[in-house]
Amino acid sequence: MDVNSITITSFTVRDLRWPTSLNNIGTDPMNLAGENSFGYLQYQTNMHELIGTGWSFANGQGNEILCVAIKSLAPRLVGRTLGSLVSNMGLTQRKLQSGQIRFMSPERGILQLATCAVLNAIWDLWAKSQKKPLWQLVTDFTPEEFVRAIDFRYVSDVITPDQALQMLAKLGKTKPERLQLALENKAVPAYNTSAGWLGHSDDKVRELLSDAMKQGFRHFKLKAGLGLEADRKRLGLVREAVGDEGILMVDVNQIWDVDEAIAYMRNLADMKLWFIEEPTSPDDILGHAKIRKALKPYGIGVATGEHINNRVMFKQLLQAEATDAVQLDACRLASVNEILAVLLMAAKFNVPVVPHSGGAGMVELCSHISTIDFVVVSGKKSILEYTDHLHDVFEAPAACTPDGNHVTPTAPGYSCDVKESEFEKYECPNGSFWKSERGLQMLGDPWRGTLGEQTS
């Protein structure tokens with residue numbers, strides 16, 4: 001379909017929240033209770049059946065603020081043709097992040113999440129118009145088209161458009177082999193997080209580990225950080241279940257100071273961990289570098305990135321040699337545009353991209369991102385997180401193969417569309433769950449998710 005014949009005519013924004021905390025999904029040392037939530041945007045077009053869907057992720061409380069932020073940016077693209085936006089997506093990103101509203105939080109914070117939702121909807125619309133899944137749309141780009149989708153401002157001291165063109169052209173010579181692996185669902189190995197939520201009992205962890213191993217998983221991530229005795233007990237249980245060949249990682253979701261992280265993790269060295277994820281503040285680039293240097297003699301790496309809000313911080317993270325895995329979040333950067341910039345920088349620094357996809361819909365999106373990275377950017381297999389909740393709510397759900405690989409998306413678009421029946425129950429505040437006694441109790445608790453303060 002000719003992108004110049006498609007015009008955006010209107011939009012809707014909806015507040016969608018699933019009560020995931022009721023099943024301990026997402027529980028970790030920093031998040032006692034979280035409700036996987038979307039600020040859910042849809043652009044309608046003059047082609048009435050062609051709709052662009054994009055969303056950004058929240059953890060329940062505050063999702064209404066995300067929706068307001070999306071509503072502040074979405075009108076900018078109404079009346080534009082799709083062709084005028086996608087002919088130079090790097091410029092479209094820069095314009096969307098410009099103007100008076102930029103003063104509120106320039107390329108970070110809530111407006112960055114809103115920018116992500118808006119641009120996600122445009123990428124989804126573009127891919128649907130070409131009847132391709134997003135990953136294929138991008139991997140079919142020429143190097144010049146790929147580079148034109150990126151705003152290189154602030155990162156040209158690390159990678160320039162010309163350098164990116166050279167990298168992409170060089171890797172393009174062997175692209176057909178990797179493309180075939182993607183089509184055979186052999187491009188993106190998965191690792192399991194669902195067995196590692198902090199709120200699960202030991203018996204539940206054993207059950208979930210057994211199921212995961214039967215599904216072909218060999219990499220497992222656990223939440224930790226509530227005390228050495230508890231962590232050693234849980235890690236010992238998991239190590240016993242998965243054997244020496246199982247690869248273990250732990251995630252503490254930012255709870256430690258730098259020196260505390262170093263001291264704590266030294267006491268877990270005998271557990272043979274691949275990495276510690278988010279050991280301290282996500283903003284502390286040099287702190288992560290110090291932790292990584294201190295833990296390297298113990299064979300423990302550092303991974304971070306799920307709360308990094310822009311390409312500049314990823315640039316600094318890589319320059320400082322502060323991480324062993326780039327854990328970009330598809331809902332926190334400025335959509336595919338900025339993700340492509342991060343993929344290029346990670347490839348240049350030879351650091352694997354291991355996207356964060358621990359929340360609803362993130363596996364759906366990141367299946368595209370990891371495939372793009374493998375086929376045309378790094379050319380190397382990495383791993384991608386897999387959580388087993390809420391896939392059935394999507395029109396094009398993510399899945400894993402029996403041998404533990406992510407299924408490569410096939411439906412046109414960016415896998416963003418949620419089934420309409422979900423809104424009847426979980427749109428906030430008028431969905432049937434949120435109008436129930438339990439839902440109203442949760443919504444009425446201003447301390448929801450705060451240890452020692454939550455009343456619901």
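Helices here are DSSP runs of H or I at least four residues long, numbered from the N terminus. The model is predicted.

**Second largest pocket**
- Helices α7 (161-172), α14 (335-348) and α15 each give at least two residues to the lining of the second largest pocket.
- This pocket has a volume of about 270 Å³.
- Its lining counts 16 residues, and A347, N350, V377, S378 and K380 are the closest to the centre.
- By class, the lining of the second largest pocket holds eight nonpolar, three polar and five charged residues.

**Largest pocket**
- The largest pocket holds about 860 Å³ of space.
- It is lined by 47 residues, and those closest to its centre are N31, F57, A58, N59 and G60.
- Strands β3 (52-58) and β5 (219-223) each supply at least two lining residues, and so do α1 (63-73), α4 (109-129) and α17 (437-443).
- Helix α1 provides the largest share of this lining, with four residues.
- The lining of the largest pocket splits into 15 nonpolar, 18 polar and 14 charged residues.

**Helices α8 and α15**
- The axes of α8 (residues 175-183) and α15 (residues 362-377) come within 8 Å and cross at roughly 155°.
- Angles over 145 degrees count as roughly antiparallel, so α8 is roughly antiparallel to α15.
- On the α8 side, K175, R178, L179, L181 and A182 make the contact.
- On the α15 side, T371, F374, V375 and V376 make the contact.
- The contact has six nonpolar residues, one polar residue and two charged residues.

How values were computed
Residues numbered from 1 in each chain as written. Predicted model: local features only at pLDDT ≥ 70, side-chain atom pairs only at ≥ 80, totals over all residues. Heavy atoms only, no water. Axes fitted to C-alpha atoms, helices over the stretch in contact; angles between N-to-C directions. Parallel < 35°, antiparallel > 145°, perpendicular 65-115°, else oblique. Contact = heavy atoms within 4.5 Å. Nonpolar A, V, L, I, M, F, W, Y, C, P; charged D, E, K, R; others polar. 1 Å grid on protein atoms, 1.4 Å probe; cavity = no way out; pocket = protein on both sides within 12 Å on 5 of 7 lines; lining within 4 Å. Points joined across faces, edges and corners; volume = space filled by probe spheres on them.
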